[in-house]
Amino acid sequence: MAHRIEPDLQFVKELQAVGGDSLKKCYQCATCSVACPISPASNPYPRKEMVWASWGLKDKLLNNPDIWLCHNCGTCSDLCPRGAKPGDLLAALRNMAYQRINPMPFIGKWLSSPKYLINLIAIPAILWAVVWFIRAGQIGSFFPEGEIVYGKLFPGDFTIDPIFMITFFGMVAIFFKGAKNLLATFKPEGEVLVLGKQKSMFRCFIDVLVEEVATHKKFKDCGDDKSDRKTGHLLVFYAFLALMVVTGLIAGFHWGGKVIPMLDVLHTPLNLLNPVKILANLGAIALIVGMAILTNTRRGKDPEKSKSNYYDWYLLNVIWAVALTGVFSELFRLADIPQIAYSVYYVHLVTVWMLFAYLPWSKLGHIVYRTIALTYVRHMGRQ
Amino acid sequence: MSNSILVVGGGFSGLTAALEAAELGYEVYIVEKSPFLGGRVAQLNKYFPKLCPPSCGLEIQYQRIKKNPNVKFLTMATVDSVEGEAGNFTVKVSIAPRCTAPSSADLGELAASLESEVADEFNLGLATRKPLYMDTPFAFPNRFVLEPKKLSSADAIKVGASDACDLNEAAKEIELSVGSIVLATGWKPYDVTNLSNLGAGQITNCISNMQMERLASPNGPTDGGITRPSDGKAPEKIAFVQCAGSRDQNHLGFCSYICCMASLKQALYVREQYPDADVTIYYIDMRTPGRYDKFMRKAIADEKLHLVKGKVAGVEEDAATGDVIVEVEDAVKGHKAKIRHDMVVLATGMQPSLAGDTNPFGVELDEEGFVVDGEAKGIFSAGCAQKPLDVMRSAQSGTSAALKAIQTVRGR
């Protein structure tokens, strides 16, 4: 049976540009598929992705949910006899997916290279500078007198809350569209492999959240990864969860208080002994510790085995900026140095906005897209 | 000035180089590290291209040496230093004591009566031997070697009483004047303990291809019976793991040229002994250069010999049965599985002997340890010191090196 392969050479070049630069070294020995402890027995990855990439089989690669099953421990790349870095290829395919499945692909392009970083920063920088200028005009000073209360300069009711709510729900809408696009493309190799009654998608989704996301079980199963990557990732994950709960509580009590006045009890800045503040501070500490571990693991990687790319460093640096400006906002407020405190808080708002507004196009988009892919493969019995 | 030639290494390429030069009238010294000539070929059961037993091809070489007064060979000898330049080298050689008389007395009975046993390197750890020994019955020189330090005190008394043994023979150092040098230092099997995902040499029934040669050899530890080292059971299902440490930047970065052929050859050993046994060769690419392709076609016509594309990347032992479980993806079918075998053979590659060893010759080695330079200095490489080769091509490269060496010393 003659089978004509139609390679998409442009696609191969794009793939090499987003982190798959070694893919052509592969000679298809299949060590990687065996080395990967979480790759399934039937049509295991990443050997098949390596040959598809070499041959420029774009459709196969783009319709493949397996790229999301990989948790990037790097065991395949460590054992690869050719230094073809299959782990990096799967990461590159995910980076490509962020560009491809989300609406407004130009933002995906901006996130793909440092030359567009200025655009990404400029939008929130101008946005929050305008707020700052208007308020400074009203107050008569760029740094309000008296006790440092960030609400004086950036009031919740008219600036922070509406801007972040619009940003947040916009992000959710984009994720919704992206998720639909992603599910529409999935055409995995092989058949549905479920024995007996197939679980519903929703049931699978809950199982993924409970069995995989909450516990980070796959990280533990991940090969020879002796690093503390799991601890780091888990800390960052729960830190964000804690900070989300804090934000939710403050916003909930505040806006709820407009309806039921007795709820209006959480006024920022909170007392350091307030349980919500304690949770917030614990979250900040967990975030910094987790980030230190993840950054360290990434810095310690042997570039012969795995190369970190711009997607990796962009996300790490933005989260670092969010965490550090958050912590320093609190410290300079407590130290009562208004000029520095308000300026740092401004940067904090800029970076937090960057984190959330661009989330679906950044590497952090895996929070939604990986979960969806894991749900999907579970639904069809592939795991 | 000297028109003698030094050949370092008494394996197939070194013997060939030495004889070609000697038979044209040049004085040749062979310096061989081990106690016997013949090198790696002597360890094989059969060798390419005609699948002869080594006693056949080597016997001819030994006869040629015996008849030719131009060839002088030193065994248990190593080169310490080389000074000078083409046409005028001074080479210091140390010779370890053999501790037996030069009369080639048959010490077989005495050896058999000893109680001490030592690990047998010639049999790659598959057996033990006495400290008074010969590698094979056809070993050349046909003269026993005694290791006095490894004798028990009772054995020492027995051996001391023999006229043919000298427990106190001292090491010697000599100096040779030569005009040219041929490096035929050969190869060593890649160290399986580096292959952490392939059992690292800790799994009894997961052996290397050189161990398989010893098992299949009539003068090996099992008298030629291919049986499991753990329990002597006849294997019904055997796997060969190709590229075990070859073509791998974490181990040997090159293809060892002959391992695919060696596994096909060994598959035939198994199939000849066991008409019901099932043999699978797991490979990345079956490399059967030139006319060897015909050999493969013939071999795989056997329906019990299977070729599966996919490199084995995991080997485990089933402690209860001694079985060996290999984990591999069949890259054609796209299915990975753990497959149980009675016995597994790792097709390990050839590492040049000079890799990680001292290099008193002042020649440049590449990162893998192969000789890449030296011709301008009057030093020529032959055989697997140069690149991985089969026996036939080793012999050819020996002839080639001999010719170059002769051109260097001619007329001096």
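Which residues of chain A does UniProt list for "transmembrane region"? The unreviewed UniProt entry lists residues 116-134, 154-176, 235-256, 276-294, 314-334 and 340-361 of chain A. UniProt positions are given here in the numbering of this text, feature names are shortened, and annotations may be inferred rather than shown by experiment.

The structure is a predicted model, in which local features need pLDDT of at least 70 and side-chain atom pairs count only at pLDDT 80 or more, while totals for chains, interfaces and linings use all residues. Residues are numbered from 1 along each chain as its sequence is written, and chains are lettered from A and ligands numbered from 1 in the order in which they are written.

Two of the listed stretches can be described further. Residues 276-294 of chain A are 100% helix and 0% strand, with the end C-alpha atoms 27 Å apart. Residues 314-334 of chain A are also 100% helix and 0% strand, and here the end C-alpha atoms are 30 Å apart. Helices (H or I, at least four residues) and strands (E, at least two) are DSSP runs, numbered from the N terminus.

Chain A is divided into domain 1 (9-101) and domain 2 (105-379); such bounds come from an automatic or database domain assignment. The C-alpha centres of these two domains of chain A are 28 Å apart. Between them, 31 residues of domain 1 of chain A are in contact with 37 residues of domain 2 of chain A. Two residues are in contact if their C-beta atoms, placed from the backbone, lie within 7 Å. On the side of domain 1 of chain A that touches domain 2 of chain A, the elements giving two or more residues are α5 (75-79) and α6 (86-101) of chain A. The most comes from α6(A), with eight residues. By class, this side of domain 1 of chain A has 13 nonpolar, 13 polar and five charged residues. Ala, Val, Leu, Ile, Met, Phe, Trp, Tyr, Cys and Pro count as nonpolar, Asp, Glu, Lys and Arg as charged, and the others, Gly among them, as polar.

Leu93(A) is a residue of helix α6 of chain A. Why is Leu93(A) counted as buried? Leu93(A) counts as buried because it has 25 C-beta neighbours inside 10 Å. The cut-offs are these: a residue is buried if 20 or more other C-beta atoms lie within 10 Å of its own, exposed if 12 or fewer, and partly exposed in between, with C-beta atoms placed from the backbone. Leaving aside neighbours within four places in sequence, Leu93(A) is in contact with Glu49(A), Leu61(A) and Ile67(A).

Glu49(A) belongs to helix α3 (residues 47-55) of chain A, where Arg47(A), Lys48(A), Glu49(A), Met50(A), Trp52(A) and Ala53(A) are buried. The cover over the buried residues of α3(A) includes α1 (9-17), α2 (31-35), α4 (58-62) and α6 of chain A, together with β18 of chain B. After α3(A) comes Gly56(A), with a positive phi near 70°.

The contact between the chains takes 18 residues from chain B and 18 residues from chain A. In chain B, β18 (324-330) and β19 (335-341) each supply at least two residues of the side that touches chain A. That side of chain B has five nonpolar, seven polar and six charged residues.

Chain B has eight helices and 22 strands. Its radius of gyration is 22 Å, close to the 22 Å that the globule rule gives for 412 residues, so chain B is as compact as a globular protein of that length. The radius is taken over C-alpha atoms, and the rule is 2.2 Å times the number of residues to the power 0.38. Buried residues make up 48% of the 412 residues in chain B.

Strand β11 (residues 180-183) of chain B is covered on both faces: Ser180(B) and Val182(B) on one side and Ile181(B) and Leu183(B) on the other are all buried. In a regular strand the side chains alternate between the two faces of the sheet. Strand β1 (residues 5-8) of chain B pairs with β11(B) in the parallel sense over four bridges; two strands pair if DSSP finds at least two bridges between them. β11(B) also pairs in the parallel sense with strand β22 (residues 379-381) of chain B, over three bridges.
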